[in-house]
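Please open the structure in the viewer and keep the sequence at hand.

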Amino acid sequence: MDKSSRIREIKLIPIGNSRGIRIPKSLLDKYGWSDRVTLEEMEESVVLRGKVNHNLSWEETYRAMAAESEDWSDFDFTISDGLD
């Protein structure tokens, strides 16, 4: 376990027929969690992650592509390779 890992014991809270956990406000603030997280069930653990939207809008995609210094000189050749 790395030095930044912390182990906390927390109480399971009854919620109907289920159980829940209370996440301290300091952790909610630290990770920017508001109302949803992603839960990943692993072999011997459960991992909580904030939901991150990696999808770019068309405008963001255009800006990201324009910022790259990519050489597109062979693009015309690729288009005319005969594959439809």
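Select Arg63 first: with a relative accessibility of 54%, Arg63 counts as exposed, since the cut-off for that class is over 50%. The model in view is a predicted one.

Arg63 and Glu59 form a salt bridge, in which the closest N and O atoms are 2.5 Å apart. Both residues belong to helix 2, where they are four residues apart, or about one turn of the helix. Is Glu59 exposed or partly exposed? Glu59 has 47% relative accessibility and therefore counts as partly exposed.

In general, side chains of opposite charge can pair when their charged atoms come close.

Select Lys25 and Asp29 in helix 1, which covers residues 25–31. A salt bridge links Lys25 to Asp29, with 2.7 Å between the closest N and O atoms. Because these two residues are four residues apart in helix 1, about one helical turn separates them. Lys25 has 60% relative accessibility and so counts as exposed.

Proceed to Arg49 and Glu40. Here the closest N and O atoms of the salt bridge are 2.2 Å apart. Arg49 is partly exposed, its relative accessible area being 42%. Glu40 is likewise partly exposed, at 32%.

Now display residues 37–41, which make up strand 3, together with residues 46–50, which make up strand 4. In which sense do strand 3 and strand 4 pair? The pairing is antiparallel and extends over five bridges. Select Glu41 to find the residue opposite: Val46, in strand 4.

For the last stop, select Glu68, Glu70, Asp71 and Asp74. On the surface, these four residues gather in a patch of negative charge. Where is Asp74 found? Asp74 lies in the loop between helix 2 (58–67) and helix 3 (75–79). The relative accessible area of Asp74 is 48%, so this residue is partly exposed.

Conventions. Residues are numbered from 1 along each chain as its sequence is written. This is a predicted model: local features need pLDDT of at least 70, side-chain atom pairs count only at pLDDT 80 or more; totals for chains, interfaces and linings use all residues. Side-chain values use heavy atoms; hydrogens and water are left out. Patches are made of residues with over 30% relative accessible area and no salt bridge: like charges are joined within 9 Å, nonpolar side chains (Val, Leu, Ile, Met, Phe, Trp, Tyr) within 5 Å. Accessible areas come from the Shrake-Rupley method with a 1.4 Å probe; for residues, only the protein chains shown count as cover. A salt bridge is a side-chain nitrogen of Lys or Arg within 4 Å of a carboxyl oxygen of Asp or Glu. Lys and Arg count as positive and Asp and Glu as negative; His and the chain ends are not counted. The place of a charge is taken as NZ of Lys, CZ of Arg, CG of Asp or CD of Glu. Buried means under 20% relative accessible area, exposed over 50%, partly exposed in between (1.4 Å probe, protein chains only). Two strands pair if DSSP finds at least two bridges between them.
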